[in-house]
Amino acid sequence: MTITEIAKQIKEGSLSALEAVQNSLAKIKETNPKTNAFLEVFEEEALLRAKQIDKNPKEGALCGVPVAIKDNIMYEGHTVSCGSKMLENYKAPYNAFVVEKLLKAGAIIVGRTNMDEFAMGSSNENSAFGAVKNPLDLQRVPGGSSGGSAAAVAAKAVPLALGSDTGGSIRQPAAFCGLYGIKPTYGRVSRYGLVAFASSADQIGALTRTSSDSELALSVLSGYDEKDSTSAQKEPYCSDAAADVSNFTVGIPKEFFENLNPQIANAVMEAKKVLEKGGVKFKDISLPYAKYSSPCYYILTSSEASSNLARFDGLRYGKHVEADNLEQAYLKDRAFFGPEVKRRIMLGTYSLASAHAQDYYKKAQAVRALIRRDFTTSFCGLDAILTPSTPSTAFKIGEKIDDIISLYLSDLYTAPANIAGVPALSAPFGKDDKNLPIGIQFYGNYFEENKIYALAKYLEKTK
Amino acid sequence: MSITIEEIRKIAKLAKMEITDKEAEAYARQLGNVLDWVEELKRVDTSSPNAVYEQAAAKTHYDTPVIFENADKITRAFSEKENSLLKVKKVL
């Protein structure tokens, strides 16, 4: 059932919130030993909240809907560990803006989902609490860093799970698990209460099984928040029923198809054919600087992370080990970071060190400006851009763990959206010869999520 | 672009992270590979006036201290405390 259906039935009384939560909890019990998607299930609390909702007037777009949140989103009184030993026992002192929004909309948060540590990873193999397995093939990764959220939705434990996306961490797991994954325009959804990884790229978004569920989730999560200084002064996102794809022109950037897996390229071309039947016009375009997005992303986000993660010293919060002096306290407490986190902090520290800042950080910022300009120029006369979501379908667990660059290149087609700040949606379309889902991606212009949803909804309707 | 184990130790020290000898060796190799990969950025011509990144104007939030209700929610996470104050080793 879609989120809309669940909420409707609960409001009408043909389904109780209690039943919805019990179904969700049963599914989690059945699937979680295999997938490790959830780090913690808030069973008693969710059942209590469901009973309260069943007694009271039923309101809210997500009334009684069981949802999951990624382990880097603050939910007051609950552990938020970011998949790290560093914060294993840390309890959130306040609710994230998006959690307040979920609760106001009547949602029932059933648990927190596993993730790559501090959101650094593309396979959910970097969690300190064990890897997540793809429910569609338990030998394979679900993608990352929002791997737990993707696995939770793909296993049908919840119809909605929140994730965060800094370089593709919602869209790539969405593609690997056959889901819709939205990274909103930067500033669309408040980052207040999201443990920061790279503040100029992070966005909270949603993983769902249908495009209209994704759109509904965005309408709930979005809206101006004065507590996030980068929050856009815009009303919450609203679905545009009038959007008509037959008036749309969509760009296909040639650079995204160089050396692309032929099965994935095929899927994108098939999607193009379906959209053409709906009247969509296509145009070949060039985004010449987009190919630098991945290295640019790794320099910039690692630099920001080295600053954002400086706060984790084990003193005000986090794991603490007794030490002789303050310096030793820092060194010993920060040893609790996993290897990928340490790697990126060091890459960031190196990039920002005065001897290198010109060559690395400042250079990457300049390239970022050029990538962004590619998009703003291309969007003149275009309603959206169509690309593949990922260079491959879900790879095997352990396959890339020693090949860092190959893992970093998983973000090849997704990172440009975070670099430029534009919205992007991964939609499932077709399967490869191993029966693994393929994701196609729509990029939209700033704050034009309505257009990419119109395209995704059209495709979904014709499936 | 190779990076020496000595440089790795310096960076780890800057980042206040303790790493073992084995880790230092591994990170030197891995970061060397990553730096090789990002070298291509140096070849991009960023001399044009378009290559200036400006973050969209963020609203300035003035740091006006307010009482956080129920400060216990914050202080209970302190590693060591005295009353509501965080206790740390000597700074100087």
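Okay, so let's start with chain A, where an open sheet of 11 strands runs in the order 1-3-2-4-6-5-10-11-9-7-8, with mixed pairing. The edges are strand 1 (38-41) and strand 8 (281-285) of chain A, each pairing on one side only. Pairing here takes at least two DSSP bridges between the strands, and strands are DSSP E runs of at least two residues, helices H or I runs of at least four, numbered from the N terminus.

Quick note on the source: this is a predicted model, local features need pLDDT of at least 70, side-chain atom pairs count only at pLDDT 80 or more, and totals for chains, interfaces and linings use all residues. Residues are numbered from 1 along each chain as its sequence is written, chains are lettered from A and ligands numbered from 1 in the order written, and side-chain values use heavy atoms, with hydrogens and water left out.

Back to the sheet. Strand 7 (residues 249-253) and strand 9 (residues 384-388) of chain A pair in the parallel sense over two bridges, and Val250(A) stands opposite Ala384(A) in strand 9.

Now chain B. The 18 residues of helix 2 (residues 21-38) of chain B should span 26 Å at 1.5 Å a residue, and the end C-alpha atoms are 25 Å apart, so that agrees; the expected span is 1.5 Å times one less than the number of residues.

Last one: Ser211(A), in helix 7 (residues 211-221) of chain A. Ser211(A) counts as buried because its relative accessibility is 1%, where buried means under 20% relative accessible area, exposed over 50%, partly exposed in between (1.4 Å probe, protein chains only).
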